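Student: Please take one part of this model and examine it closely. Then connect that part to the rest of the fold, with the cut-offs stated as you go.

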Amino acid sequence: MTEVQPFRIEDLLPASLLHEIHERAAGVDRENVFPDEDLRALKNTGYLRMLVPTELGGGGATLLQAAQAQMKLAKASPSTALAINMHLITTGIARNFYQRGDHSLDWLLRDAAAGEVFGLAISEPGNDAVTFDSTVTAAAQPDGGYCFTGTKIFTSLAPVWTRLWVFGRDDQHDDPRVVHAVLRREDGGTRSHDDWDTLGMRGTQSHTTSLEGAYAAPERVVGYAPAGPNVSPIVFGIFANFLPLIGACYVGMGDRAVELAAEAAHRRHSRVNDAPYADDPGIRELIAQMGTRQLSARLQVESVCRSVDEQEDLGAEWFPRLTLAKYVGTRAARETATDALEVVGGSAYRSGHEMGRLYRDITAGIFQPSQDRGVRAGIANWILDAAAERLTVEDSDSQGGAAQA
């Protein structure tokens, strides 16, 4: 019997590969193309199989390990990491099912182990309900499959996905439901628009995707969730992988901004003080703030990943924790990048400077769900609902006491 080797990030992301990916990142951004060489190299190391259980031909990584790997990859190339994230999220959802003894998505994990590349089509124009509803139509077919018609935006991995996780609304029942399924590219019915000309994250090539009656066979229907807010296993699985892995990518980007600022502080010399910027108290304060912010964000993302891996019972606290993983990762990166610009100086304002590119890439976090205002609203609801429940119980107890008196 072959002994299963423990998972090691270094085996999938050797320093030499990270260096190569980093060297290619500027050209990918400048030419507005997909990083095909990065994808080939990562497939060769088994990076795309990391979240597939070893029993099904994968690396057997935990969500925490995947997040830590994504932090490293994002430091080298933000857009490569964010694009690969969609594949890891999809395999992570199937892994969650597998861990809980539900083998209905084992076929997805086997596809990933065989080399299929999974995209994840979540965003839709004008749909702020995100996964809780859909503007895409899911039409049930006589054989039990579904045809999907509508538009998805920000479809990362658009040029290279071979499998695409989609969802759409099925109104053919008394209670509307959201149907999740996986499309195969070779089955047709999808059209990718070459419209990704953006401020940053240009390498993700997140084209708009038209679903034109795209057919998913019955065996590729993942499952259903009620339309509207819910805690179905599918919705939880998406939240539990999408949010911490997105947060992890931005933690990595923020960490790279700290590195660039620290290097600049040693290289730059003050004529006024006749000393390196690294000796300037104001610069040191800025860098300390950046480091504190980044470390706090990393610890929070890692804590959430660990809770998912250990299948903790957090009840109503799950969604605040998950959304905050994305919130703190993206927000910390934005604030850190702004501080880093001040330390690096005017050279960072030139289009070819890595710090300028990093700053542009980091702005993408503003647009990805869950957005900041939604996170804050959810946390307010969680706190206020709990307070209302306590007050109701206290009022009931006090009224009961008064009646007895």
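Tutor: Helix H5 is mostly covered, with 21 of its 22 residues buried. Buried means under 20% relative accessible area, exposed means over 50%, and partly exposed lies in between, using a 1.4 Å probe and protein chains only. This is a predicted model, where local features need pLDDT of at least 70, side-chain atom pairs count only at pLDDT 80 or more, and totals for chains, interfaces and linings use all residues. Residues are numbered from 1 along each chain as its sequence is written, and side-chain values use heavy atoms, leaving out hydrogens and water. Helices (H or I, at least four residues) and strands (E, at least two) are DSSP runs, numbered from the N terminus.

Start with length. At 1.5 Å a residue, the 22 residues of H5 should span 32 Å, and the end C-alpha atoms are 30 Å apart, which agrees. The expected span is 1.5 Å times one less than the number of residues. H5 has a kink of about 30°, centred on asparagine 85. The bend at a residue is the angle between axes fitted to the seven residues ending there and the seven starting there. Just after H5, glycine 101 takes a positive phi of about 85°.

Now pick one residue. Threonine 91 sits in H5. It counts as buried because its relative accessibility is 0%. Leaving aside residues up to four places away in sequence, threonine 91 touches Leu51, Leu108, Leu109 and Ala112. Contact means heavy atoms within 4.5 Å.

What covers the buried residues of H2 includes H1 (9-12), H3 (36-45), H4 (63-76), H5 (78-99) and H10 (354-362). Those buried residues are Leu17, Leu18, Ile21, Ala25, Gly27, Val28 and Asp29. H2 bends too, by about 30° at arginine 24. Its 17 residues (15-31) should span 24 Å at 1.5 Å a residue; the end C-alpha atoms are 25 Å apart, which agrees.

Asparagine 32 follows H2 with a positive phi near 55°. It lies in the loop between H2 and H3. Its relative accessible area is 18%, so asparagine 32 is buried. Most residues other than glycine have a negative phi, and most peptide bonds are trans. Aspartate 274 also has a positive phi, near 50°. But aspartate 274 is exposed, because its relative accessible area is 61%. The peptide bond from proline 369 to serine 370 is cis, with omega near -5°.

Next, the wider packing. The largest nonpolar core has 122 residues, and Tyr47, Met50 and Phe148 have the most contacts inside it. H7 (residues 233-267) gives the most to this core, with 21 residues. Such a core is a set of buried Ala, Val, Leu, Ile, Met, Phe, Trp, Tyr and Cys residues joined through side-chain atoms within 4.5 Å.

Finally, the rings. The whole structure has six aromatic pairs. Phenylalanine 239 and phenylalanine 319 form an edge-to-face pair, 4.8 Å centre to centre with 85° between the planes. This pair links H7 to H9 (residues 318-344), with the two phenylalanines 80 residues apart. Rings of Phe, Tyr and Trp (its six-membered ring) pair if their centres lie within 6.5 Å; planes under 30 degrees apart count as stacked, over 60 as edge-to-face and the rest as tilted. Ring pairs join Phe132, Phe239 and Phe319 into a cluster.
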